[in-house]
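This report describes a structure through its cores, sheets, helix packing and chain contact.

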Amino acid sequence: MSAPRTAARTEALTGWGRTMSTVATVVPAIHENEMASYIREANSRGVLARGLGRSYGDAAQSGGATVFDMTTYNNFSLDQATMTLTAQAGASIDDILREIVPLGFFVPVTAGTRIITVGGAIAADIHGKNHHRDGSFGAHVLEITLLDGAGVVHTYTGNDPEFWATIGGMGLTGVILSATFTVIPIQSSYITVDTERAKNLDDVMSRMIERDHEYKYSVAWIDTVATSGRGVITRGDHATAEQCMQDGVTNYFDYDPKNIATAPGLVPSGLLNRWSVRAFNEGWYRKHPTHRTGELQRLGAFFHPLDGVQEWNRIYGPKGFLQYQFQVPDSAGYLVGHTLQKLREVGALSFLTVLKRFGPGNQAPLSFPQSGWTLAADVPAGVDGLGRTLDELDALIAAEGGRLYLAKDSRQSPTNFARTYPRLNDWREIRDRMDPNRVFTSDLSRRLAI
Amino acid sequence: MIDALGEPQSVLVLGGTSEIALATIKEMPRNRLRRVVLAGRPSPALNAAVTELASLNIAGVEAVDFDAKNTDSHGQIIDSIFDDADVDLVILAFGLLGDQMVAEEDPSHAVELATVNYTGSVSAGLHIARRLKHQGHGTLVVLSSVAGDRARRSNYVYGSTKAGLDAFAQGLDAALAGTGAHVLIVRPGFVRTKMTSHLPEAPMTTNPEDVAEIIVASLKKGRHTVYAPGPLRFVMAGLKVLPKQIFRKLPS
């Protein structure tokens, strides 16, 4: 006899880029037994867990499948003594931060948005501004509990290959139910930020190489309209209580990031044009001082500036957009400038282009980060000739030992993917043990033949 | 899967020797195609189509036996193609032009046109729709014709089969709303192909490559009906409301 079922709904799903929607049966995740029975009774379209839908491409959707909406499976608890947090997979980093920052703790790694789930952070093995020092999210996970392809619950730790296959495994090794990860102590909800403008790309890159190691957090924004590739580097560390006091901040742990605005629902596709993007890039560059040190910024402003504008992904209009994010070793740093130039040539206008240095990767076979550079550029999907330009860039990046981030990818070819993730077959072996019948499928796994 | 730039990875053509369908495949980026199934009656032409596409470095080209008239076989053939892997794009391209004068003398010829063009399409179209709905995504391109917009003395048997097909496709598209699948109805005018090579050319005649370009562009835009060439939409809108006394006097 099967357990009573939570109401399912038929829904068109897309990633954050709002391209390539497919329709699935969405089931709110309530209880692991119910999820297990869905897994056991899955048809050929399979099952997938979805969090807050912030991956840009097709990672969190699966046409015709049963998709668990994990956001209803969201309890978590902090253990202050051991400085660990155990969360159900659907708990959002946003909710977690609102709870733990006032208590003097912070997540070990945060992406550019806090509107993501713990399950998603593990499945994509997210990285943040501290990757050069602290590695990716997976490096701070102690334990993962998941449902495998037979609907059986397992708990894995760093000694298990299944643990590492799940980190960066894009939800294809099972449904992550919960995880325990370390949190870090903080003395305030502020970051002391040093800001520098750099007049061209070489300047940006050499300043990052020289002094990134002095900071816990570092990132650069690049002006993609200016041919110089000028940029603004912001780096910082958690502010101490003393630094806050010196600046006259009294409530050190005040933390309540708010939504400033919501993007309008209907945006004409012409809103984003040469002039508006140029004006934005110019303004963004000018807004920052040539050089400023020790400025106190709130956590939200420093880490998640875009989260203040809800549904900002709508500004790209009905055709949607994609984010091209790649990684290359230091020896291929020239590909950063080359990519910016090619995107400019094809007319792929970007508001938001971010450059970051990665530290060493980890042992997860499908984890994205490796030592070197990573560049991420948002580009509208409707640009003529974009596909060919990106294919050419893919090949150059692959030839240098680099690769694309699966949480962002929405268009690379299966051959390019297989070529650039050399440990794919190791991962497949583990996956085949965990899910021999390939119950866990996504549009991403179909598109890339993962 | 279709990617963020609208490029499909797998295409099924029903009527695998269709020049318009083959031109449409050639119009797509070759490095994205992983599987192209040309379904049709076994023939040298079908083999030649497979060879031609394969010679263009298109991966995974295969021929599958399919007879539009044998509607009992449609379900099984279509299921086995979809069971292997998702199909992003299906082009329903089979059809007979026939000969109006022969049809009037020998109604069995008219029945054959109706069977292939209408009955066969309804059968295959419903089986395809069922599978697209099941996979939650995909587009069915239906090659209709302006001949179905208003019946003409010179080819009304053919025209009526296309009119029926067109109405069927419109309804099917409505039925698929919200399932992730959709229908693109293509209404070409006179296209220079083997099927029409014996006929005098009409105004606004196009080549299969022109129609292919329009199909590919319309797929990316997510359109549901398109004329080829585009301006035929306005010509046909005019012809449809023309008083019959005048319409019948137009050159055929």
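The sections below begin with conventions and then treat each topic in turn.

## Basis of the description

The model is predicted: local features need pLDDT of at least 70, side-chain atom pairs count only at pLDDT 80 or more, and totals for chains, interfaces and linings use all residues. Residues are numbered from 1 along each chain as its sequence is written, and chains are lettered from A and ligands numbered from 1 in the order in which they are written.

## Nonpolar cores

The largest nonpolar core has 125 residues, and those touching the most other members are A:Ile122, A:Ile176, A:Ala179, A:Val204 and A:Ala220. A core here is a set of buried Ala, Val, Leu, Ile, Met, Phe, Trp, Tyr and Cys residues joined through C-beta atoms within 7 Å. A residue is buried if 20 or more other C-beta atoms lie within 10 Å of its own, exposed if 12 or fewer, and partly exposed in between, with C-beta atoms placed from the backbone.

Leaving aside neighbours within four places in sequence, A:Val204 is in contact with A:Ala198, A:Ala220, A:Ile222, A:Gly229, A:Gly231, A:Ile233 and A:Leu355 (contact: C-beta atoms, placed from the backbone, within 7 Å). A second, separate core holds 67 residues, including B:Phe82, B:Phe94, B:Val211 and B:Ile214.

## Five-stranded sheet of chain A

An open, antiparallel sheet of five strands has the order β5-β6-β10-β8-β9 in chain A. Strands (E, at least two residues) and helices (H or I, at least four) are DSSP runs numbered from the N terminus, and two strands pair if DSSP finds at least two bridges between them. At the edges, β5 and β9 (153-157) of chain A each pair on one side only. The twist from one strand to the next averages 15 degrees; angles run from 0 to 180 degrees between N-to-C directions, and axes are lines fitted to C-alpha atoms, for helices over the stretch in contact.

Strands β8 (residues 141-147) and β10 (residues 175-182) of chain A run antiparallel and are joined by six bridges, with A:Ile144 bridged to A:Ala179 in β10(A). Helix α1 (residues 32-40) of chain A packs on this sheet, touching β8, β9 and β10 of chain A, and its direction makes about 60 degrees with that of β8(A). In the hairpin of β5(A) and β6(A), four residues lie between the strands, and A:Met83 takes a positive phi near 55 degrees.

## Eight-stranded sheet of chain A

Eight strands of chain A form an open, antiparallel sheet in the order β16-β12-β14-β13-β19-β20-β18-β21. Its edge strands are β16 (291-298) and β21 (403-404) of chain A. Strand β18 (residues 321-328) of chain A pairs with β21(A) over two bridges in the antiparallel sense; A:Phe326 has A:Leu404 as its bridge partner in β21(A).

## Helix packing in chain B

The axes of α3 (residues 74-84) and α5 (residues 107-135) of chain B come within 9 Å and cross at roughly 35 degrees. The contact involves B:His74, B:Gly75, B:Ile78 and B:Phe82 of α3(B), together with B:Ser123, B:Ala124, B:His127, B:Ile128 and B:Arg131 of α5(B).

## Contact between the chains

Chain B contributes 18 residues to the contact and chain A contributes 26 residues. B:Met1, in the segment before β1 (10-14) of chain B, is buried because 27 other C-beta atoms lie within 10 Å. Leaving aside neighbours within four places in sequence, B:Met1 is in contact with residues of both chains, among them A:Asp58, A:Asp443, A:Arg446, B:Gln9 and B:Asp88. The C-alpha atoms of B:Met1 and B:Asp88, 87 residues apart along the chain, are separated by 5.9 Å.

Note on methods: Contact = placed C-beta atoms within 7 Å.
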